[in-house]
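Have a look at the model first, then read on.

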Amino acid sequence: MNAPLTPSTLAELAAAVRSAPRVLAIGARTKPRLSAVAPEVTLISTLGLNGITEYQPDEFTFTALAGTPLREIAATLAERGQYLPFDPYLLHAGATIGGTLAAGLSGPGRFRFGGLRDFILGVRFVDGTGRLLRLGGKVVKNAAGFDVPKFFVGSLGRFGVFGELTFKVFPRPAATLTLRLPVADANAATQILTAAAGARWEIDALDLLPSADAVALRLAGPAAALPLLAAEILTRFPGDILAAATAEALWADLRELRWTFTDGPLLKLALTPAQLPALATTVRTHAGRLHVTAGGNAALVSLPAPIASLGLPALTLRGPGPLWLDAPTSPAIAAAVKTALDPHNRFPSLAA
Amino acid sequence: MSSTITSVADPARFLRRLGEILPPARVLAGPAQLAAYESDGLTAFRTAPLAVAVPETQAEVIALVRLCHAEKIPFVARGSGTSLSGGSTPVAGGLVITLNRLNRILRVDPAQRLAVVEPGVINTAVTLAVASYGLHYAPDPSSQSICTIGGNVAFNSGGAHCLKYGMTSNHVLGLKAVLASGEVVEFGSASREQLGPDWCGLFVGNEGLFGIALEITLQLLPRAEVFHTVLAGYRTLEQAGDAVSAIIASGLLPGAIEIMDALALEAASAAVHAEYPPGCEAVLIVELEGPREVVAAQRPQLDALIAASGPVEARPARDATERAAIWKGRKSAFSAVGRLSPDFIVQDGVVPRRRLGEALRRIAEMSRAAGIRCANVFHAGDGNLHPLILYNGTEPGALERAEILAGKILHMCVEMGGSITGEHGVGLEKRDYLATMFNADELDCLHRLRDAFDPLGLANPGKMFPDGTAPALAQHGLHPLEKAGLISRE
């Protein structure tokens with residue numbers, strides 16, 4: 001395999017796409033399985049496309065080149081009291097904004113206001129014919145044209161190469177408070193996730209921890225309100241308020257995936273809380289670890305070794321094994337849409 | 001590159017086969033029956049379709065679409081016909097498929113906080129059906145008491161709460177649809193997470209060009225426990241705009257931030273007998289919402305910001321009745337403008353929020369120069385303008401002059417870095433402006449996507465893209481339902 005191409009402008013990115021019959025974009029490769037494709041595919045690194053090109057704090061929007069590291073974006077937003085509400089993973093590992101969009105990886109904080117799909121506004125991308133196109137918009141509200149930016153969430157770079165992305169952001173809540181609610185098993189966890197998600201508390205994050213023995217519940221908002229809400233929550237679900245430093249470490253460990261096996265497969269799943277107990281059993285059978293997030297709607301599974309099935313569709317982010325377990329069936333229209341955006345199959349298929 | 005219908009359709013044979021799918025009572029083809037379907041919320045355009053089909057089941061809708069495909073007859077799906085961009089204006093020689101009778105709420109899952117509904121379900125019916133669980137469906141277009149979820153999905157409808165909660169698209173978890181080819185697809189799931197590309201996201205906002213949604217899985221949110229709603233009057237629009245900037249800069253995230261100008265206030269106060277602070281050029285409505293402890297902590301901050309912004313008067317709603325009255329005045333503003341003028345165009349453009357003041361000044365200048373009155377109601381939190389351009393359709397050339405002003409406003413929005421539509425969609429009305437936002441390659445890409453879903457170009461042709469036959473402009477007044485006070489425009 002040759003060294004990746006390294007465009008440093010959007011025009012060079014388009015030229016790079018046109019330069020080879022088979023190409024795939026890569027970022028910092030923090031989810032390397034997603035770009036572990038056949039050796040004849042020319043890789044295009046977006047790391048030279050680095051920087052926030054527009055940031056308007058009073059618009060709640062920013063635009064950044066696809067290879068911009070998330071940590072740079074988060075730091076710039078923080079200077080103005082704002083944050084990425086979809087709470088991306090692998091911030092300190094160097095993950096890029098483009099790679100995060102392609103992987104469709106939203107973190108625990110997405111519970112409150114939604115994930116990547118709820119904050120992506122616009123995208124400049126290179127289609128399979130090598131054209132640099134801009135779809136969506138740069139303002140927080142826009143209904144012109146088909147919503148291709150949203151389609152790209154989780155598209156694994158198989159329908160276009162991202163050059164520049166525009167997102168909506170929000171003001172960072174003034175304070176956070178994390179509760180640790182011990183649970184006996186996955187059934188007990190499911191009950192808490194379901195009940196808390198429907199309650200009046202406006203929870204910021206609601207996760208079953210990889211240790212499998214507790215639910216972590218994060219509140220975010222004005223400092224004066226949080227202890228009052230926490231007190232009520234603790235009367236319903238026994239547990240403790242974590243010290244600020246402990247809470248920060250807990251969420252940072254989850255965000256940076258420090259709980260996972262180093263060499264085994266790491267998989268992402270979409271689920272509902274009702275599917276959680278069965279998944280927990282399957283993971284335990286394979287001596288794996290499970291982090292359930294978004295109130296039981298998403299999960300990351302880390303395994304010591306590849307397995308054939310988790311009983312639900314799963315996407316391998318890193319480690320050995322096939323890209324998909326129990327691959328979700330693609331609608332027949334998928335092939336036509338692929339042809340529309342990539343008529344010469346310049347990008348690999350979703351299956352590989 | 002646009003799709004074209006490649007062979008000559010046979011309307012007589014089509015109608016015969018239509019009769020094999022639906023009983024005669026549910027096929028409307030007489031001139032009097034068709035008249036009610038000639039236009040939608042964009043009353044300036046009207047076209048009589050070949051026929052109107054009234055299916056009652058998903059199977060019937062699928063059969064109708066497959067028939068249209070086999071016979072190469074264009075079709076337009078229609079809910080309550082409230083589109084303000086002419087999205088459900090019929091196509092001459094085509095079929096209108098009304099979905100109002102597919103109005104079943106198929107499933108409510110309070111534990112997973114979702115509802116599965118058919119496309120003809122009315123927007124507010126969803127919230128009514130789930131209110132007993134303490135849940136609600138967030139998107140709230142002003143026509144929500146009559147518009148349907150199917151139409152909301154097709155046009156990615158917005159409302160007053162988009163800054164915090166997003167548009168329809170952000171609340172659709174899954175859907176089943178019949179595509180223009182007759183293929184039935186299922187996108188998304190009951191989960192709030194997805195694997196692979198976001199098919200649901202691509203489908204929502206397709207403006208009826210991909211197919212017809214048959215079943216929609218909607219995410220529900222816990223209903224906010226308490227609200228703090230403030231109405232503040234200002235001497236100038238600028239002051240109201242500055243107040244918005246101060247609120248945004250403060251780190252608060254209100255559920256809604258709305259502004260109405262003097263002309264809109266005049267209309268609203270006449271229509272719903274709302275009393276606004278006298279002598280104001282603008283009224284600002286700001287609403288905080290959330291758990292009582294959170295709102296209690298944020299309320300003094302908001303009140304102080306508003307007090308410091310120099311209002312003539314600031315009135316916090318003291319109870320639910322006062323809050324409802326504030327919103328009633330706001331949501332009735334559009335149709336209330338009908339009291340000021342026999343006809344009006346509701347525009348829908350977006351500008352960057354920081355340029356709202358400049359945009360309003362320029363609209364006022366253009367309106368003065370054209371000698372056309374223009375009322376403004378807008379979602380200030382997200383820069384979404386709704387200029388209401390008043391004209392008298394009985395005056396020769398008045399509609400054309402109003403359309404010219406509307407076009408200038410849209411060009412201004414694009415020039416400022418905004419959009420030609422925030423929530424009404426492109427539809428028929430703005431199809432000629434799509435090219436102001438996208439270049440030839442980008443339009444080609446959108447066309448290719450449309451062709452992927454609808455190779456024959458049968459699904460709602462003539463909308464979004466500047467091709468297809470344009471229906472005639474008609475000089476007439478309010479939508480019949482609007483006259484009856486049943487719907488309002490936003």
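**Notes on the two chains**

1. Buried residues account for 64% of the 490 residues in chain B, where buried means under 20% relative accessible area with a 1.4 Å probe, protein chains only. Bear in mind that this is a predicted model, with local features needing pLDDT of at least 70, side-chain atom pairs counting only at pLDDT 80 or more, and totals for chains, interfaces and linings using all residues. Numbering runs from 1 along each chain as its sequence is written, chains are lettered from A and ligands numbered from 1 in the order written, and side-chain values use heavy atoms, without hydrogens or water.

2. Along the principal axes, the C-alpha atoms of chain B fill a box of roughly 70 × 60 × 45 Å.

3. Now the contacts (heavy atoms within 4.5 Å). In chain B, of those between residues at least 6 apart in sequence, 74% join residues at least 24 apart.

4. Over in chain A, an automatic or database assignment sets the domain bounds: domain 1 is 1-172 + 327-352 and domain 2 is 175-321. Contact between them takes 23 residues from domain 1 of chain A and 27 residues from domain 2 of chain A. Taken over C-alpha atoms, the centres of these two domains are 26 Å apart.

Conventions:
Buried < 20%, exposed > 50% of the residue type's maximum accessible area, 1.4 Å probe, protein only.
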